[in-house]
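Open the model in your viewer and keep the selection tool at hand. The stops below say what to pick and what is there.

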Amino acid sequence: MADTLSALERRIEDLETQITTPKLMTPRQVCDFLQISERQFYEWKRAGDSPPAIYWSERTVRYDLDAVMAWAKQKEVGQV
């Protein structure tokens with residue numbers, strides 16, 4: 001029963017995220033979503049460890065919400 005409840009809570013959190021966060025995010029929105037500084041984000045990017053990006057032009061970059069969530073999930077360590 002507790003496992004079912006935990007799964008439902010995670011699903012509700014995922015749905016809330018999808019409702020309140022744009023599907024395609026700017027770098028700043030990604031930082032806000034991940035609750036990190038832009039400096040940290042760009043350090044990860046320089047190190048080659050950032051979510052996959054969509055480049056519309058040299059200066060227009062977007063990040064897909066699902067890809068950002070999948071990338072962040074890979075960073076998860078230990079039990080939740």
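A salt bridge here is a side-chain nitrogen of Lys or Arg within 4 Å of a carboxyl oxygen of Asp or Glu. This is a predicted model: local features need pLDDT of at least 70, side-chain atom pairs count only at pLDDT 80 or more, and totals for chains, interfaces and linings use all residues. Residues are numbered from 1 along each chain as its sequence is written, and side-chain values use heavy atoms, with hydrogens and water left out.

**Whole chain**

Start with the cartoon. It shows 4 helices and 3 strands. Helices (H or I, at least four residues) and strands (E, at least two) are DSSP runs, numbered from the N terminus. Trace the chain from that end: the order is α-β-α-α-β-β-α. Along the principal axes, the C-alpha atoms fill a box of roughly 50 × 25 × 15 Å.

Accessible areas come from the Shrake-Rupley method with a 1.4 Å probe; for residues, only the protein chains shown count as cover. Buried means under 20% relative accessible area, exposed over 50%, and partly exposed in between (1.4 Å probe, protein chains only). Of the 80 residues, 19% count as buried.

Contacts come next. A contact means heavy atoms within 4.5 Å. Among contacts with a separation of 6 or more, 51% join residues 24 or more positions apart.

Select Glu9, Glu13, Asp14 and Glu16. These residues gather in a patch of negative charge on the surface. Patches are made of residues with over 30% relative accessible area and no salt bridge; like charges are joined within 9 Å, nonpolar side chains (Val, Leu, Ile, Met, Phe, Trp, Tyr) within 5 Å. The place of a charge is taken as NZ of Lys, CZ of Arg, CG of Asp or CD of Glu. Zoom in on Glu16, which lies in helix 1 (residues 2–20). Glu16 counts as partly exposed because its relative accessibility is 48%.

Colour the chain by charge. There are 11 positive and 13 negative side chains, and the centres of the two sets lie 7 Å apart. Lys and Arg count as positive and Asp and Glu as negative; His and the chain ends are not counted.

**Salt bridges**

Side chains of opposite charge can pair when their charged atoms come close. Under the cut-off given above, the count is 6 salt bridges.

Pick Lys23 and Asp64. Their side chains meet in a salt bridge (2.9 Å, N to O). Lys23 lies in the loop between helix 1 and strand 1 (24–25) and Asp64 in strand 3 (residues 61–64), so the pair ties together parts that are 41 residues apart in sequence. Lys23 is partly exposed at 42% relative accessibility, while Asp64 is buried at 18%.

Move to helix 3 (residues 38–46). Glu43 and Arg39 both lie there, 4 residues apart, about one turn of the helix. Their side chains form a salt bridge (3.2 Å, N to O). Glu43 is partly exposed, at 34%; Arg39 is exposed, at 64%.

Then select Lys73 and Glu76. Another salt bridge joins them, with the closest N and O atoms 3.3 Å apart. Glu76 is partly exposed, at 42%.

Return to Asp64. Beyond four places in sequence, Asp64 is in contact with Lys23, Leu24 and Ile54.

Step to Arg62, also placed in strand 3. Arg62 counts as partly exposed, at 27% relative accessibility. Which residues does Arg62 contact, leaving aside its neighbours within four places in sequence? They are Leu24, Met25, Thr26, Ala53, Ile54 and Trp56. Draw a distance between the C-alpha atoms of Arg62 and Met25: 5.3 Å, for residues 37 apart along the chain.

**Last stops**

Select Ser50, in the loop between helix 3 and strand 2 (54–55). Ser50 counts as buried, at 18% relative accessibility. Outside four places in sequence, Ser50 is in contact with Trp44, Lys45 and Trp71.

Finish on Ala67 in helix 4 (residues 65–74). Ala67 is partly exposed, at 22%. The C-alpha atoms of Ala67 and Pro52 are separated by 6.8 Å, with the residues 15 apart along the chain.
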